[in-house]
Amino acid sequence: MLDQLKQLQAEALSAFTAAKDTNDLEAARVAYLGRKGRLSEIMPQLASLSNDEKRLAGQTANEVKAAIEGAFIAAQARIESTVAGANAERAWIDMTLPGNRPSVGHTHLTTQAIADLTEIFAKLGFNRQRHPEVDWDYYAFEALNMPKEHPARDDWETFFVADPDGKDVQTGELGKVVLTPHTSNAQVREMKKGALPIRMINISKCYRRQISARHLPVFHQIEGLMIDGNVTITDLKGVIDHFVKNFFGPNTKTRLRPYHFRFTEPSFELDISCTVCNGEGSVQGTKCKLCKAGWLELGGAGMVHTNVLKAGGLDPKKYTGFAFGWGVERTAMMRGGLKLDDIRMMYKNDLRFLKQF
Ligand code: PHE
């Protein structure tokens, strides 16, 4: 029996040493240490031995069992660490490699311009106010010195909203509702708040029945209004100058050109020196592609008409003021020195275009 035990130990040890994976290991464990394994098979032989032999054989059997169990544990540790090593090799990550940068978006060209306009005017105390984008005909036209049926209204290709129950706020008669064709409806609305002096800007969407390479049916305008005891054209010029230099660059010049609006008197068109040719009209001998003779048209302006002040409940003998207004999309393009063949490009959501700004 002693020989059998020694033989068994040698076989078991080499089986555990040879085990390459958990399957081999389990097979060897069952074969040598299992309840019906080789060691259990030998043990009954103890019964037929004399007492002295029994003691020796029993002791040897215990030693053999311990040796086999030791071999099992060693093999188990060896195989586990091999498996872990293989896993680590497979799942290995180089933490020092640069990561994939998530793509970061940015606001639209128009939104950027709105933010900049707001900030620049805020520095002069012009705060952004909100006024309706769907408004009474009264605020869009009548209060601005354009009575019903006045031909000047034709300059604003207006969308009317069908609203059979609308009441004209002034007269109580049935009135028309419009999608604001300009931001000037803010003028009388702001005056009617009754808080003076007024220094406000109103930036909002405008709607006109027009669509072409140069016109959008929905676009943005900025309206500016200042009213106080003694506001003059000089103040208008100074405020516009401040804006133009901050928005287009410190070398940009401003020009007021006589014009006509029903709601301002006198009225002007506002020009700025061209952002591409610096007002020269040409670049290295070639005619500038962006401007006409060095100037770009920005928008309209003027001293608030007395009839408009009256509509706002203000006494024209006590108060004077100026107003200005222009398109935000145009302004954004002018700043970039851009001459788009088609202004609709701004809202096509083509990333190749939008990413450039
Ligand atoms: N509302 C005018 C337009 O849409 C611009 C303007 C605003 C002119 C304020 C004078 C004063 O063209």
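A salt bridge here is a side-chain nitrogen of Lys or Arg within 4 Å of a carboxyl oxygen of Asp or Glu. Keep in mind that this is a predicted model, where local features need pLDDT of at least 70, side-chain atom pairs count only at pLDDT 80 or more, and totals for chains, interfaces and linings use all residues. Residues are numbered from 1 along each chain as its sequence is written, and side-chain values use heavy atoms, with hydrogens and water left out.

Start by selecting Lys65 and Glu69: they form a salt bridge, with 3.8 Å between the closest N and O atoms. Both sit in helix 4 (residues 51–90), four residues apart, about one turn of the helix; helices are DSSP runs of H or I, at least four residues, numbered from the N terminus. Lys65 is partly exposed at 38% relative accessible area, and so is Glu69 at 35% (buried is under 20%, exposed over 50%, partly exposed in between; 1.4 Å probe, protein chains only).

Next, pick Lys148 and Glu142, whose side chains meet in a salt bridge at 3.2 Å, N to O. Lys148 is partly exposed at 44%, as is Glu142 at 24%.

Now go to Arg344 and Asp342 for another salt bridge, at 2.9 Å, N to O. Arg344 is partly exposed, with 29% relative accessibility.

Last stop: Lys339, in the loop between helix 10 (328–335) and helix 11 (351–354). Lys339 is exposed, at 56% relative accessible area.

Terms used
Helix = DSSP H or I, 4+ residues; strand = E, 2+ residues; numbered from the N terminus.
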